[in-house]
Amino acid sequence: MRHGRGVPEPAELVTRAQLRTRGVSAKMERARVRRGEWQHPVPGVVASGTLMSVWDVLGAALLRAGPDAQVSHQSAVQIWLGREPRSTLHLLLPMGVRVADCRGVRYHQTRLWCPPAYRMGLPLVPPDVAAAQVCAADDLNEADRRALVTGLVQSRIVTPAAVARAAARAPHGRMTQVRRLVEEVLAGAESGPEAALWRAQVEHRMPVPVLNHPLRGGQRSIDGYLAPLRAGYEVQSREHHAATWLADTARFAEILVSDAISLLPVLVQDIEHRLEPLLGEIESFWRTRAADLHTTMPRHVPPPRWRP
């Protein structure tokens, strides 16, 4: 507040109750809002200025909810990944602390309360809890849930085993979709496309590859690998591999020559937009490799089913 006038400085957030204790009446507040000097990022919280970032809204939502509030669900995952939270902001409160949802902010309650962890000075649910919440999220499609949870795993922020432990407490009504994602990260998926392709091969009763199979003591790995055929595939995307295609080509050649492993490049856009034909191409690749080695095609072995 500016001394003596009760006006929030830019980026400062105050509750309506705090304004009243400083002598700012409801009439004065409404007048400043009409003039555009103040605004309400969430009900009951006042901020100065006209431009509000998502971080300002998040701070206002936390202030409104009180000292026990934590950033949760996909909002927490995005912050753990070093990203700006998008769309609806999610906050978690202990059971019995009720705060009404408002535009752009959704408040949840939980009986399974745990102390917050902190990143960027913000109280967040721990990353394994946030991953489990995303697994059970009712406002995300499967591709988005996979992208967030596998992002945490790939960044080594959380382990698949920790995700599975936290997910065991997911709501019973969401357990089917939770089980799918937990099985995928336990299988070794480190990206949404990897998980989607692995799941499709399982459901089509194809040979199930080992995901992110290590080579040479873990110096390199293969996205999908069938040991009986010494063959595998690498998932490639324009977003992540456009600038590294020379290095990727050299790595493919090294794996082929030094490890005697045949590799099939698989494009992310094919996983997303032409999955059925892609599965046929992969199966044909496996069969051709089996014929070249004068061996039988590996049979489908269902992966272990995760049970909470």
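User: Leaving aside neighbours within four places in sequence, which residues is Leu89 in contact with?

Analyst: Contact means heavy atoms within 4.5 Å. By that test, Leu89 touches Val54, Val57, Leu58, Ser75, Gly104, Val105 and Arg106. A word on the source: this is a predicted model, where local features need pLDDT of at least 70, side-chain atom pairs count only at pLDDT 80 or more, and totals for chains, interfaces and linings use all residues. Residues are numbered from 1 along each chain as its sequence is written, and side-chain values use heavy atoms, with hydrogens and water left out.

User: Is Leu89 buried or exposed, and which strand holds it?

Analyst: Buried means under 20% relative accessible area, exposed over 50%, partly exposed in between (1.4 Å probe, protein chains only). Leu89 has a relative accessible area of 2%, so it is buried. It lies in strand E5, residues 89-94. Helices (H or I, at least four residues) and strands (E, at least two) are DSSP runs, numbered from the N terminus.

User: How far apart are Leu89 and Glu183 in space?

Analyst: The C-alpha to C-alpha distance is 27 Å. In sequence, the pair is 94 residues apart.

User: How many residues of helix H4 are buried?

Analyst: Eight of the eight, so helix H4 (residues 73-80) is largely enclosed by the rest of the structure. The buried residues are His73, Gln74, Ser75, Ala76, Val77, Gln78, Ile79 and Trp80. Take Gln78 of H4. Its relative accessible area is 4%. Beyond its neighbours within four places in sequence, Gln78 contacts Arg83, Glu84, Pro85, Arg86 and Leu148. After H4 comes Gly82, with a positive phi near 80 degrees.

User: Which residues have a positive phi although they are not glycine?

Analyst: The general idea first. Most residues other than glycine have a negative phi. Here, Met120 has a positive phi of about 55 degrees. Arg205 also has a positive phi of about 55 degrees.

User: Where do Met120 and Arg205 sit?

Analyst: Met120 is in the loop between strand E7 (117-119) and strand E8 (122-124). It is exposed, at 54% relative accessible area. Arg205 is in the loop between helix H9 (192-203) and strand E9 (210-215). Arg205 counts as exposed at 59%.

User: At what angle do helices H5 and H7 pack?

Analyst: Axes are lines fitted to C-alpha atoms, for helices over the stretch in contact, and angles run from 0 to 180 degrees between N-to-C directions. H5 (residues 127-135) and H7 (residues 160-167) pack at about 65 degrees, with axes 8 Å apart. From H5, the contact uses Asp128, Val129, Ala131, Ala132 and Cys135. From H7, it uses Ala162, Val163, Ala166 and Ala167.

User: What is the handedness of the crossing of H5 and H7?

Analyst: A crossing is left-handed if the near helix is turned anticlockwise from the far one by less than a right angle, and right-handed if clockwise. The crossing of H5 and H7 is right-handed.

User: How many helices and strands are in the protein chain, and why is it called more spread out than a compact globule?

Analyst: There are 13 helices and 12 strands. The radius of gyration is taken over C-alpha atoms; the globule rule is 2.2 Å times the number of residues to the power 0.38. For 308 residues the rule gives 19 Å, but the chain has 25 Å, so it is more spread out than a compact globule. Its C-alpha atoms fill a box of roughly 85 × 45 × 35 Å along the principal axes. Buried residues make up 47% of the 308.
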